[in-house]
Amino acid sequence: MHGHDWDATDAAGPAPGGTFARPEGHRLVPFATALLQGDGLILHWSEDAEALLGYSTDEAVGSYAAHLLTDETDRPEVLALFARIMTGSGWTGVFPVRHRDGHKVDLEFRTYPIAGPAGTLLLLATASDTRALHAVEADLAVLDGVFARSPIGMAVYDTDLRFVRLNESLARMNGVPVAAHLGRRISAVLPGINTAEIEQTMRQVLKTGKPVVDARSHGRVPGDPRRDRAWSASYFRLEDSTGRVFGVCSSIIDVTERFQAEARAARAQERLSTIAEATARIGTTLDLQRTAEELIEAVVPRFADFATVDLLEPVVRGSEPSAIPTDRTITLRAVAVGESYESGLSHAVDVIGETSEYAPDRSYTQCLRSGKPLLRAHVDEEVLRGLVASEDRVAPGIAAGIHSYMLVPITARGMVLGGSEFIRMRNPEPFTDADVALAEELVARTALALDNARLYRRERETALTLQRSLLPQEVNRTLGLEIAYRYLPSSVVSEVGGDWFDVVPLSCGRVALVVGDVMGHGIRAAATMGQLRTVARTLATLDMPPEQVLTRLDETASGIGEGQFATCICAVYDPLERTVQVASAGHLPPVWVGPDGIARRVDVPPGVPLGVGGVAFESIEFTLPEGGLVTLYTDGLVERRGEDLDAGIDKLARTLAGTGRTLEENCDAVVAALVTDGTEDDIAMIMARVLPLPADRIATLPLTGGGRVPGQARRFTRATLETWGLSALSDYAELLVSELVTNALLHADAPRRLRLFRDRVLTLEVSDAGGQTPQLRPFAEQDEGGRGMFLVSELAHRWGSRLTRDGKVVWAELEMPFGVS
């Protein structure tokens, strides 16, 4: 027994009433033991006895207890008490004992007479310090009081996580009596809460010894089976001074109200976050469909499992929507659909672009007519039947698991534009009034963006219609020249631009190619473009050279209004001479490609933009050989943000270089190489290629021989027209040629050449060395002359003159007979 300390209350397992028993070897206070002979000689002295009284085993064993532990005054009483004990059945009480250092220690004794070897009588004595016992008793009383009276739920679990002890507060919290907890695990007592998570936390505490504070649990307990509750628990490990682990202790607080408040705050924060993200996402473009898609992306999957946007048919067209009728069906077009997972529901709704009709008594129609949201928190087959457009959509909707539905009218400026549906299937929570408020906020933002997109589409269509009406509706065929063109409106800028091009047929088979670009965008730019194009076309038909056309255009631009500037390039091609005369007003240089396939820039004096005013323009002339190609274009084709303009022009030249492609193929190649998605400016481009001039469409007669020239010209004209099958025009043509040649003989140095040109009309032209253009002047009946040009004006379909480098050309046109080309 030497060295063994024991407690008479030691036992295994829990004490009655759920008291957690102290295992063997666990010391609450020092517990001394000693064994004495019948004469008081000490035979055994424990370690706790040494700790209590200071005497070592060697000092105590073999000494008489009365002499070792008492002084002379107490010794008689001790000896008398010892004698009574040895003749009786034991004694229990408190007696002061002398410590080795001399002070007195009050010990509580228990003595037990026992039989020793050979029948000798021995005495076993146990003792504890009364002060230590009283302290332990006080601590236990305090702990029991706290455990029993604490409003906080408290529990003790063994190493198998079974309840060993719990207080009434926890029992009331769970709605289960204390006795029904003991010996059972949480999962058996409270199956309606997240027990797996709780037990995992306790196992971690048992394993690591690290306490866990504010571990959340949630669910429903038997005491409140219809309401979700939440608790905050703290766990710590129970162990003795030697580190032996006995279990886990927990303290539990009901935090349902705080949990609900936090949940409400979290939902509010989520709504604010959704609104903030949607605000940044919705309305980034002025495209109806993209705006609708942005709403879908903002709500799926964080708010709804499935969502749609449908717009009234007039809205899709850009028109003003009318009020929802009370007696007629309404037609809506699917604009956007989105889902968070493959539910199969997308097969039961309209494909994007398709339309559905809703009768006036349908829930959908009534909702749009009222302008108020429609909420069906819980959806079954009967409810769904009243929502869908047709009966065949009910079964797929039920199969997909629809359980909550919401429809919000899309309303802007007091007009209903359409409706947006929100559906939950996998998300178990039904839509609430708070969800309706959030959906209304998101849809309102979308409605504003959709209405802006609708107005933009209408304005853009109006502007584009105006712009297209101002551009050439048909490019007339030109003899000796093949022409192709491209016009591409900007796909990024929200308004139309002022780029334009024109192909103007001129006299004598010539053609003017004009390309211009009004600075800026919008209706004003398009209107300015229309004015400049009209003036340019008129000026060109007056046989003005390109530099004079630009000078007059500059005056026109200056008179339109302040800040209206434009660049322009004008080129006149003469198919008979194969020459190009070109002038520029701040425009980019043309690119031409020779028959050898080499591309070059045309070095045109750059000039200043139209509208600057007061600056002269210059033109140059170059020959474009047969097979040669020239390209005029606006800056939208070659200008890219962050890139040098010359690099774009060089890329255009490289694309045009080479031979073997048709003119249309060249246009396509240029667009493919230089035009990317999202061009920021309009693009106008004309390509012209020189073709061989048919020999049977032109006839030339040098005019020499003085007074015999008119007769030569008449005979040449009649013979040529007979060859061309135009004898019906011979009389008029002879008379016109005669007057033109005679006029040149009388008023110019000398006629030089007669040329007949057959294209859309029959052109008769006479060139001479004079620099004065013929004029119609009044004449009297008695005047012998002055009637020549008047006769020309009366007989010709059209007539005119133009100056050349070495004189002038006077021409007249006759319309071709019907059916002759």
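**Close-up views of a predicted model**

**View 1. Surroundings of Thr634.** Leaving aside neighbours within four places in sequence, Thr634 is in contact with Asp499, Val515, Gly516, Asp517, His587, Leu588, Asp682, Ile683 and Ala684. The model is predicted. Thr634 sits in the loop between β25 and α18. Is Thr634 buried or exposed? Its relative accessible area is 0%, under the 20% cut-off, so Thr634 counts as buried. Met685 lies 51 residues from Thr634 in sequence, yet the two C-alpha atoms are 6.6 Å apart in space.

**View 2. Helices α18 and α19.** Helix α18 covers residues 645-656, and helix α19 covers residues 663-674. How do two packed helices get described? By the angle between their axes and the distance between the axes. Here the axes come within 9 Å and cross at roughly 140 degrees. The crossing of α18 and α19 is right-handed. From α18, the residues that meet α19 are Gly648, Lys651, Leu652, Thr655 and Leu656. From α19, the partners are Asn666, Ala669, Val670, Ala673 and Leu674. By class, this contact of α18 with α19 has 6 nonpolar, 3 polar and 1 charged residues.

**View 3. A sheet of 6 strands.** The sheet is open, and its strands run in the order β13-β12-β11-β16-β15-β14. Pairing is antiparallel. Which strands stand at the edges? They are β13 (355-358) and β14 (374-376). Each has a single partner strand, so one side of each is left without a neighbour in the sheet. From one strand to the next, the twist averages 25 degrees.

**View 4. The β11-β12 pair and helix α10.** Strand β11 (residues 306-312) pairs with strand β12 (residues 330-339) over 7 bridges, in the antiparallel sense. Val309 stands opposite Ala336 in β12. Helix α10 (residues 288-299) packs on the sheet. This helix touches β11, β12 and β16 (415-424). The direction of α10 makes about 50 degrees with that of β12.

**View 5. Confidence along the chain.** Mean pLDDT for the protein chain is 84. Of its residues, 87% reach 70 or more. Where is confidence lowest, and where highest? The lowest is in helix α5 (residues 130-149), with a mean of 64. The highest is in strand β25 (residues 629-633), at 95. Over residues 1-27, pLDDT stays under 50. For residues 1-27 the model has 35 contacts beyond four places in sequence. Where pLDDT is low, the predicted coordinates should not be read in detail.

Conventions:
Residues numbered from 1 in each chain as written. Predicted model: local features only at pLDDT ≥ 70, side-chain atom pairs only at ≥ 80, totals over all residues. Heavy atoms only, no water. pLDDT = per-residue confidence, 0-100. Helix = DSSP H or I, 4+ residues; strand = E, 2+ residues; numbered from the N terminus. Contact = heavy atoms within 4.5 Å. Axes fitted to C-alpha atoms, helices over the stretch in contact; angles between N-to-C directions. Left-handed = near helix turned anticlockwise from the far one by under 90°. Nonpolar A, V, L, I, M, F, W, Y, C, P; charged D, E, K, R; others polar. Pairing = 2+ DSSP bridges. Buried < 20%, exposed > 50% of the residue type's maximum accessible area, 1.4 Å probe, protein only.
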